[in-house]
Amino acid sequence: MSTPVPVSARAITRKKVTTLTFRQKKERGEPITMLTAYDYPTALAVDNAGVDSILVGDSLAMVVLGYENTLSVTMEDMLHHSRAVSRGAKSALLIGDMPFMSYQVSVEEATRNAGRFLQQGGMDAVKLEGGRERADAVRSITNAGIPVMGHLGLTPQSINQLGGFRAQGKTAVAAKRLVEDALILEEAGAFSIVLESVPVRLAELISKKLSIPTIGIGAGVGCDGQVLVTHDLLGLFDRFTPKFVKKYANFHDSMHKAFTDYIDDVETRRFPAQEHTVDMEDKEWATLLNNLD
Ligand code: KIV
């Protein structure tokens, strides 16, 4: 029987994941794994678990900062959290999610803001939402040497246009447009594309048509990889859980129990116990008492 490799040793020996690794995994038919993280301890844990890629998603707005949707989060918010993640994760490919209005106004602004994710945020690549209307931005950012991940289907920054968080590409016309958009993004230089909330067979068709890998969320097993919002997977987001999420833990309940146990311990003086305190030598204590007025 082989001896299990300790988690820390596994993390140290892991090679840095690059966009080339993504491409090679697709060629070998090996699923790519991706999770979100927004802070140092989560990034450390996700990286040590061996995930291929960490997305500092603009889902930050909802699951960490408590906003109703992703529209309020800013470049400064994203860079602040990107830096924390880059301090925790050493092997996973780090992708910074470009926030609403950081790439829509002009190609120049998009390129400059994408550069900030690498220069000031410690990221390896960026992600942005949209299809043909973003092709010029994708081309320009890629030409600047910055890998770009696309994002098609349910694009949360457009919820006002889409009429809410709803599945996309369900009619033949909408599905054809998504296939075309995916091919346009690939041609513009994207190294990978997230497909969110689209029918399973459409995601599979797009994945087969592209030579770059697709990463699915609510898009079925036919994608080349999968991504989940870590707070959903851990059961840490209280408001709602999308249908496509598999919960691997219930941290919300575990946190509630830990906090109520703590309050109970303090109120009944079970905490702090002897082992949580420091003491001083009897001699020093006696000297102190003798020297007090
Ligand atoms: O912001 C995010 O977390 C995302 C994922 C859902 C892909 O864009």
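1. Met280 counts as partly exposed because its relative accessibility is 41%, where partly exposed falls between buried, under 20% relative accessible area, and exposed, over 50% (1.4 Å probe, protein chains only). Met280 sits in the loop between α12 (251–267) and α13 (282–291), with helices taken as DSSP runs of H or I of at least four residues and strands as E runs of at least two, numbered from the N terminus.

2. The model is predicted, so that local features need pLDDT of at least 70 and side-chain atom pairs pLDDT 80 or more, while totals for chains, interfaces and linings use all residues. Residues are numbered from 1 along each chain as its sequence is written, and side-chain values use heavy atoms, with hydrogens and water left out.

3. Together with Trp285, Leu288, Leu289 and Leu292, Met280 makes a nonpolar surface patch of about 480 Å². Such patches are made of residues with over 30% relative accessible area and no salt bridge, nonpolar side chains (Val, Leu, Ile, Met, Phe, Trp, Tyr) being joined within 5 Å and like charges within 9 Å; accessible areas come from the Shrake-Rupley method with a 1.4 Å probe, and for residues only the protein chains shown count as cover.

4. The count of salt bridges comes to 18, each being a side-chain nitrogen of Lys or Arg within 4 Å of a carboxyl oxygen of Asp or Glu. One of them joins Lys26 to Asp224, with the closest N and O atoms 2.9 Å apart; since Lys26 lies in helix α2 (residues 19–28) and Asp224 in the loop between β7 (214–217) and β8 (225–228), the pair ties together parts that are 198 residues apart in sequence. Both Lys26 and Asp224 are buried.

5. Lys176 and Glu180 also form a salt bridge, their closest N and O atoms being 2.9 Å apart, and because these residues are four apart in helix α9 (residues 172–188), about one helical turn separates them. Lys176 counts as exposed at 53% relative accessibility, whereas Glu180 is partly exposed at 28%. Arg132, Lys176, Glu180 and Asp181 are linked in a network of salt bridges.

6. Around the ligand, oxygen atoms of the ligand lie 2.9 Å from an N or O atom in the side chain of Asp58, 2.5 Å from a polar side-chain atom of Ser59 and 3.0 Å from an N or O atom in the side chain of Lys127. The protein covers 95% of the 260 Å² of accessible area that the ligand has on its own.

How values were computed
A polar contact is a pair of N or O atoms within 3.5 Å; within protein, one must be able to donate a hydrogen and the other to accept it, and residues adjacent in sequence count only if both atoms are side-chain atoms.
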